[in-house]
Amino acid sequence: MIRKLLTSAVLALAFAAVQAQPYPAKPVRLIVPFPPGGGTDILSRLVATKLTEVSKWTVVPDNRAGAGGTIGIAEAVRAAPTGYEMVMGQKDNLVVAPWLYKNLSYDPTKDLTAVAHVAYTPVVIVTRAESKFKTLADVVTAARAAPDSITYGSPGNGTTIHLAGEIFKTAANIKMRHVPYKGSNPALMDVLAGNVDLMVSSLPSAMGQIKSGKLRPLAVTSARRSSSLPEVPTVAELGYKDFDVSTWYGLFVPAGTPKEIIAAVNAEVNKLLATPEMKAAIIAQGAEPQGMTPEQFGTLLQTDYLKWRDIVKASGATIE
């Protein structure tokens with residue numbers, strides 16, 4: 001018992017010593033809950049690089065992929081609330097996954113604290129440049145003629161992107177086969193190779209291949225067109241009224257992290273987002289930069305958490 005008390009006392013003193021130093025006094029680990037090459041990874045590395053360059057912080061991205069991003073989020077939840085471990089979260093693993101996975105180990109509204117909103121992005125429906133599908137209408141016509149014959153890839157089960165495809169299937173009254181991957185990059189490789197007909201993707205994940213001419217964007221799923229791809233129509237414009245699915249990205253820390261640290265990170269990230277260089281870099285990836293206070297971002301999390309409960313329930317989707 002005495003040894004336990006002494007150990008606890010030593011840990012408490014060490015924690016207090018770290019907190020007493022100017023933040024950050026050592027490298028900050030940024031957990032990236034998806035594999036390298038996808039939209040989450042691209043934005044995470046952009047934020048880490050710019051914080052290191054401009055703010056002189058050392059931010060180290062660490063990919064912890066799997067299970068639609070939930071493995072990385074769970075690791076962040078278990079981390080010590082010191083501000084030296086944070087995670088790039090998004091709708092996929094914070095407001096969709098909790099309603100899809102029956103035995104998820106975390107509650108994002110209780111176990112994490114919102115720090116800084118980074119960007120939002122529409123989802124894009126793409127096919128390879130050589131595909132017979134020139135428009136979204138071509139896809140719908142083919143799917144109705146031969147139900148379940150068309151395949152579409154996504155970064156994984158339980159992602160906003162996966163559900164965007166499911167919601168579109170319902171809106172268009174068609175049947176297509178979903179092929180889940182462990183992240184955006186392997187899905188992109190298969191659509192480029194012709195192994196799947198379509199991919200539903202975040203814009204940052206697909207932007208490079210769209211710009212190179214290897215992928216043909218058929219539609220974006222947001223309520224308005226993307227400033228990065230202004231020539232690409234929205235799904236709503238193509239006859240599916242009120243269709244609106246987009247995703248957001250932002251930094252979170254374990255619940256209990258000191259407010260002073262949260263305020264410091266938020267201030268630095270918002271300062272970055274206001275610079276022309278950072279804005280241009282994010283838009284070039286197909287996303288839209290958007291700063292918020294921690295309170296505003298926390299409210300967005302809470303609102304979307306409840307909104308997507310109803311969307312997931314209506315879709316009938318579930319993951320064991």
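Let's start with the holes: the count comes to 2 cavities of 30 Å³ or more. A cavity here is a set of points, on a 1 Å grid over the protein atoms alone, where a 1.4 Å probe fits but cannot get out. Lining residues have an atom within 4 Å of a point. Grid points are joined across faces, edges and corners, and a volume is the space filled by probe spheres set on the points.

Two housekeeping points. This is a predicted model: local features need pLDDT of at least 70, side-chain atom pairs count only at pLDDT 80 or more, and totals for chains, interfaces and linings use all residues. Residues are numbered from 1 along each chain as its sequence is written, and side-chain values use heavy atoms, with hydrogens and water left out.

Helices (H or I, at least four residues) and strands (E, at least two) are DSSP runs, numbered from the N terminus. What is the lining of the largest cavity by class? It has 5 nonpolar, 9 polar and 1 charged residues. For the classes, Ala, Val, Leu, Ile, Met, Phe, Trp, Tyr, Cys and Pro are nonpolar, Asp, Glu, Lys and Arg are charged, and the others, Gly among them, are polar.

The second largest cavity has a volume of about 70 Å³. Among its lining residues are I125, L136, Y152, F168 and M176. Helices α6 (136–145) and α7 (160–172) and strand β7 (198–202) each give two or more residues to this lining. The largest share, 3 residues, comes from α7. By class, the lining of the second largest cavity has 9 nonpolar, 1 polar and no charged residues.

Next, the largest pocket. A pocket is an open set of points with protein on both sides within 12 Å along at least five of seven lines. The volume of the largest pocket is about 280 Å³. It is lined by 15 residues, and Y120, S222, R224, D244 and S246 are the closest to its centre. β4 and α12 each supply at least two lining residues. The classes here are 5 nonpolar, 4 polar and 6 charged.

Now look at T160, in helix α7. Is T160 buried or exposed? It is buried, with a relative accessible area of 0%. Buried means under 20% relative accessible area, exposed over 50%, partly exposed in between, with a 1.4 Å probe and protein chains only. Leaving aside neighbours within four places in sequence, T160 is in contact with K91, D92, V96, V245, S246, T247 and W308. Contact means heavy atoms within 4.5 Å.

Helix α3 (residues 70–78) has its own buried set: T70, G72, I73, A74 and A76. What covers these residues includes β1 (28–32), β3 (85–90), α4 (91–100), β4 (112–128) and β9 (246–254).

On to the aromatics. There are 8 aromatic pairs in the structure. Rings of Phe, Tyr and Trp (its six-membered ring) pair if their centres lie within 6.5 Å; planes under 30 degrees apart count as stacked, over 60 as edge-to-face, the rest as tilted. Why is the pair of W99 and Y305 tilted? Because their planes are at 45°, with ring centres 4.7 Å apart. W99 sits in α4 and Y305 in α12 (residues 294–315), 206 residues apart. W99 is partly exposed at 29% relative accessible area, whereas Y305 is buried at 12%.

Y23, W57 and Y84 form one aromatic cluster. K26 lies over the face of Y84, 4.8 Å from the ring centre. That call needs NZ of Lys or CZ of Arg within 6 Å of the ring centre and within 35 degrees of the ring normal.

Last, the backbone. Most residues other than glycine have a negative phi, and most peptide bonds are trans. Y23 and P24 are joined by a cis peptide bond, with omega about -10°. P24 is in the loop between α1 (2–20) and β1. K56 has a positive phi, near 65°. K56 is in the loop between α2 and β2 and is exposed, at 68% relative accessible area. N173 also has a positive phi, near 60°. Its place is the loop between α7 and β6 (177–180), and N173 is exposed at 64%.
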